[in-house]
Amino acid sequence: MSSRSKAEAEWEKFERVYELLGTVNEYMAIYSRLKASGGLIIIGSKVVEGNEEDGGICHSIPKGCDRSEWNALNPEAQYQSMVKQAEETMTEMNELEIPIQKKFTVEIHKGPLKGEERVKQKRDLDYNGNVRRVVDFVRCSLIIVLESLHQIKKIVGSFSSGGDLANEWALVRIKDGFEKPENFIVGGYRDIKLNVRCLRTGHIIEIQLHLREFLDLKEREGHAHYEFARNLKVDGVTKATQLVQGDHEELQEICDVGEEQLEKCKDPMEKVKILRRLGDLYSAMWLHGKFAVLRYDKALQILEEQPLDNEADRSTHILLCEVLADLSYCVSEIQRHCAERSNMRTDDPNWMEVDTLPWIDRAIDIAMKYLEPRHPLTMRCKRIKADNLDGRNENAKAEALYELVLRDQKEVLGKDHPETIETMNNFGDFLTERYEDKDRKNYVKGICLYMDGLEGALKRLGPDHVTTKMLAETIKGELEDNSDLLDENPQLKERGQEIVENYEDYADLFEEEKSGFCCC
């Protein structure tokens, strides 16, 4: 593939990730609304039964066959035996519909038997050749019409010990996608999966319990959304730039593709989207922040020229919110890191003197009106405001806002989400810089935030991600520069040393450094 073709492919991927992340944020917003309204009922993930000898939950050995006879069968014969057991269980599942539909207002959608290729793939890759552990041969979906999880709780109770379905079906496992903020499926979707054993056949089936609001969004986006998310592993991604690969020259070629599309584009709103993507790319490239500011600023100018109806143009208002947040963040970073004053062009404002707070305040107002207080974009805007307040030395306001954002992100996104990790890093910077020589308690709190962030980054992003590396180096530096202070906290010092060592051990497993970048 030529370098030009590669750049075009990367730009296309970049655009698709943008769309995908918008959908992920919508799923997060639904979860946030459920929690805020009291509608979030936690069923809880658990394994009710499992056979250690078989490595976990699995179908019963077919009747008339003992373990030694089963083990003597070749893999194909075992597979065919499980298919026969699954087909017998399909008949039992048809009869299961009747009591469920009598008791609950649901739509039942039965899936076909899982395809042979996929079963064998799971058997060999996930379960070390044990076909009895592939427990979703037979699948059905119970689509809950109500917007509450109360009905799902009742369905789970029906299969539990003492429930009215427990004489014919035994609950084996619950996988609760609503239990923790980070428990979403690839692409942001959430559901609850039950595995129940048919007592007549010994075969385990999978029952998927969906909430209508989640399912409506899933069906609108289509299965391609899930496939694309899974292939690109976007569950740990919050910005499209985190998935664009290449060295500096290759990244510039990707920008060139975007600039050419911008030249050809006639539609104002499409221009705004391209400008924002270019801004993100430039801001992620070292020393290119000034080009990012110009693209964000142009996008803002175009949006300001659009006649906006308060209700009809919700998506445009949200786009305006995103551009304001991006511009505020990028300019404040230039102000923070550039030692010399510099105009981008003679007819441009001096970005070193621009007050970025009105931009981010306006972005927050839009987010609060058209989204929710704990929507991912709203929380990101608030974090950017905290960064702005930090830069203005409004310490009390900055600290209070960091605390609020971090609490909300942990509850909605989870403690290992990249946005939460970024807040931990920025809040850690604030505390260690402000309190190193004044308040040891708050200084130690800042170090703890770095450590929490690194543990989350290792888990979610991996050792070669720029955020992980940055946090590891920060902790290492603090341990070296303030060893006397940390000597007063031996447990904290030990934890920091252990985390850094784990990071270095983990990173050593990667022989080759990946040449990517991200804008965190």
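The tour begins with confidence, then visits helix contacts and an aromatic pair.

**Before you start.** This is a predicted model, in which local features need pLDDT of at least 70, side-chain atom pairs count only at pLDDT 80 or more, and totals for chains, interfaces and linings use all residues. Residues are numbered from 1 along each chain as its sequence is written, and side-chain values use heavy atoms, with hydrogens and water left out.

**Stop 1: colour by pLDDT.** This is the predictor's confidence in each residue, from 0 to 100. The protein chain has a mean of 81, and 83% of its residues reach 70 or more. Helices (H or I, at least four residues) and strands (E, at least two) are DSSP runs, numbered from the N terminus. Then pick residues 339–347, where pLDDT is below 50 and the model has 12 contacts beyond near neighbours in sequence; a contact means heavy atoms within 4.5 Å. Residues 509–520 also stay under 50, with 33 contacts beyond four places in sequence.

**Stop 2: α9 and α10.** Select residues 268–284 (α9) and 289–304 (α10): their axes come within 8 Å and cross at roughly 160 degrees. Axes are lines fitted to C-alpha atoms, for helices over the stretch in contact, and angles run from 0 to 180 degrees between N-to-C directions. The crossing angle therefore makes α9 roughly antiparallel to α10. Angles under 35 degrees count as roughly parallel, over 145 as roughly antiparallel, 65 to 115 as roughly perpendicular and the rest as oblique. Show side chains at the contact, including Leu275 and Tyr282 of α9 and Phe291 and Ile302 of α10. The contact residues divide into 12 nonpolar, three polar and five charged (Ala, Val, Leu, Ile, Met, Phe, Trp, Tyr, Cys and Pro count as nonpolar, Asp, Glu, Lys and Arg as charged, and the others, Gly among them, as polar).

**Stop 3: α1 and its partners.** Look for Tyr27 and Ile30 of α1 and Phe214 and Leu217 of α6, which are among the contact residues.

How does α1 meet α9? Their axes come within 11 Å and cross at roughly 110 degrees, so α1 is roughly perpendicular to α9. Among the contact residues are Trp11 and Phe14 of α1 and Leu278 of α9. By class, this contact has six nonpolar, no polar and four charged residues.

**Stop 4: an aromatic pair.** The whole structure holds nine aromatic pairs. Rings of Phe, Tyr and Trp (its six-membered ring) pair if their centres lie within 6.5 Å; planes under 30 degrees apart count as stacked, over 60 as edge-to-face and the rest as tilted. Select Phe178 and Phe214, an edge-to-face pair at 5.4 Å centre to centre, with 90 degrees between the planes. Phe178 sits in the loop between β4 (169–176) and β5 (192–198), and Phe214 in helix α6 (residues 212–221), 36 residues apart.
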